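Colleague: I have the file open beside me and would like to talk it through with you. Could we begin with the strands and see where that leads?

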Amino acid sequence: MSVFETPIRVDLADLPATEALAAIVACLLRPGDAVLAEGPLGAGKSTLFRALLRSLTADPALEVPSPSYTLVQSYDTPAGPVHHFDLWRLDGPAGLLELGWEDARCDIVLVEWPERLEHLRPTEALTIRLGNAGESARLADLSGWPDRIGRLR
Ligand SMILES: Nc1ncnc2c1ncn2[C@@H]1O[C@H](COP(=O)(O)OP(=O)(O)OP(=O)(O)O)[C@@H](O)[C@H]1O
Ligand SMILES: [Mg+2]
């Protein structure tokens with residue numbers, strides 16, 4: 001994010017609101033895109049990406065386990081292959097290359113804990129920073145995607 005860019009804030013009053021945001025992002029995705037989800041433990045990063053993958057595949061029952069131990073889980077979708085990364089346990093960018101990061105970047109990548117990407121962090125990404133605002137309320141600060149972010153307001 002450039003220092004001049006102010007994130008767009010979206011109130012996610014409940015889980016359906018998070019699912020609705022995920023569905024809009026899903027419609028806008030194309031190969032080469034990166035969506036980076038930031039926020040503390042339990043903020044809803046996996047929940048957001050689960051909803052996104054279910055929307056993308058039009059399969060509300062799609063199994064989307066949190067890849068906290070495998071670090072990456074890949075899906076075939078009508079928008080092309082999608083790779084869901086959870087980098088909480090990543091040791092460093094070298095480990096990321098072993099996970100197939102460079103090939104995955106030709107497809108769509110969804111990343112939890114993108115802070116771990118360090119110098120490999122994509123500059124053109126959509127970043128969604130989730131914060132808690134109550135038991136089931138969240139706030140999402142969206143930045144990046146200057147050509148498409150207006151669709152997410
Ligand atoms: N509006 C909401 N949006 C997203 N999740 C919500 C919302 N309201 C409640 N939740 C709940 O908050 C929890 C979020 O857990 P989730 O595993 O998605 O967090 P996470 O950010 O991926 O955590 P971690 O850093 O451990 O991977 C889930 O139990 C989800 O049902
Ligand atoms: Mg998670």
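Colleague: Which residue of S6 is the bridge partner of Val35?

Modeller: In this predicted model, the bridge partner of Val35 in S6 is Leu126. That pair belongs to the contact between strand S2, residues 34-38, and strand S6, residues 126-132, which run parallel and are joined by 4 bridges. Leu36 also takes part in this picture, standing opposite Thr127 in S6.

Colleague: And S6 with S7, parallel or antiparallel?

Modeller: S6 and strand S7, residues 138-144, pair in the antiparallel sense, over 7 bridges, and Ile128 stands opposite Leu142 in S7. The hairpin formed by S6 and S7 has 5 residues between the strands, and there Gly134 takes a positive phi near 135°.

Colleague: In what order do the strands of the sheet come?

Modeller: The order is S1-S7-S6-S2-S5-S4-S3, with 7 strands forming an open sheet whose pairing is mixed. S1 and strand S3 (72-77) are the edge strands, each pairing on one side only. Ignoring direction, neighbouring strands of this sheet are turned by 20° against each other on average.

Colleague: Which strands does H1 lie across, and which does H2 lie across?

Modeller: H1 lies across S1, S2, S6 and S7, and runs at about 135° to S1. H2 lies across S2, S3, strand S4 (80-86), S5 and S6, and its direction is at about 160° to S5.

Colleague: Back to Thr127 for a moment: buried or exposed?

Modeller: Thr127, which is found in strand S6, has a relative accessible area of 13%, and because that is under 20% it counts as buried. Setting aside residues up to four places away in sequence, Thr127 touches Leu36, Glu38, Arg121, Asp141, Leu142 and Ser143.

Colleague: What does Ile128 touch?

Modeller: Apart from neighbours within four places in sequence, Ile128 is in contact with Val25, Val35, Leu36, Ala37, Glu38, Leu48, Ala140, Asp141 and Leu142.

Colleague: How many residues does the largest nonpolar core have?

Modeller: The largest nonpolar core has 32 residues, and those with the most contacts inside it are Val25, Val35, Leu52, Ile128, Leu142 and Leu152. At least two residues of this core come from each of strand S1 (8-12), helix H1 (15-28), S2, helix H2 (45-57), strand S5 (108-112), S6 and S7. H2 gives the most, with 6 residues. There is also a second, separate core of 15 residues, which includes Phe85, Trp101, Ala104 and Val111.

Colleague: Changing topic, which residues coordinate the magnesium ion?

Modeller: The magnesium ion, ligand 2, is coordinated by Ser46 through OG and by Glu112 through OE, at 2.1 to 2.2 Å. This pair links distant parts of the chain, with Ser46 in helix H2 and Glu112 in strand S5, 66 residues apart. Both Ser46 and Glu112 are buried.

Colleague: How many salt bridges do you count?

Modeller: The count comes to 6 salt bridges. One of them is formed by Asp141 with Arg9, where the closest N and O atoms are 2.9 Å apart. Asp141 lies in strand S7 and Arg9 in strand S1, so this pair links parts of the chain that are 132 residues apart. Arg9, at 54% relative accessibility, counts as exposed.

Colleague: What about Arg30, which partner does it have?

Modeller: Arg30 forms a salt bridge with Asp147, the closest N and O atoms being 3.1 Å apart. The two come from distant parts of the chain, Arg30 from the loop between H1 and S2 and Asp147 from the segment after S7, 117 residues apart. Arg30 is partly exposed, at 41% relative accessibility, whereas Asp147 is exposed, at 53%.

Colleague: And Arg148 with Asp33, how far apart are the closest N and O atoms?

Modeller: In the salt bridge between Arg148 and Asp33, the closest N and O atoms are 2.8 Å apart. Arg148 lies in the segment after S7 and Asp33 in the loop between H1 and S2, so this pair ties together parts that are 115 residues apart in sequence. Arg148 counts as buried, at 8% relative accessibility, and Asp33 is buried as well, with a relative accessible area of 7%. Through salt bridges that share partners, Arg30, Asp33, Asp147 and Arg148 are joined into one network.

Note on methods
Residues are numbered from 1 along each chain as its sequence is written. Chains are lettered from A and ligands numbered from 1 in the order in which they are written. This is a predicted model: local features need pLDDT of at least 70, side-chain atom pairs count only at pLDDT 80 or more; totals for chains, interfaces and linings use all residues. Side-chain values use heavy atoms; hydrogens and water are left out. Two strands pair if DSSP finds at least two bridges between them. Buried means under 20% relative accessible area, exposed over 50%, partly exposed in between (1.4 Å probe, protein chains only). Contact means heavy atoms within 4.5 Å. A nonpolar core is a set of buried Ala, Val, Leu, Ile, Met, Phe, Trp, Tyr and Cys residues joined through side-chain atoms within 4.5 Å. Donors are N, O and S atoms within 2.8 Å of the metal (3.2 Å for Na, K and Ca); water is not among the atoms, so sites may look incomplete. A salt bridge is a side-chain nitrogen of Lys or Arg within 4 Å of a carboxyl oxygen of Asp or Glu. Axes are lines fitted to C-alpha atoms, for helices over the stretch in contact, and angles run from 0 to 180 degrees between N-to-C directions.
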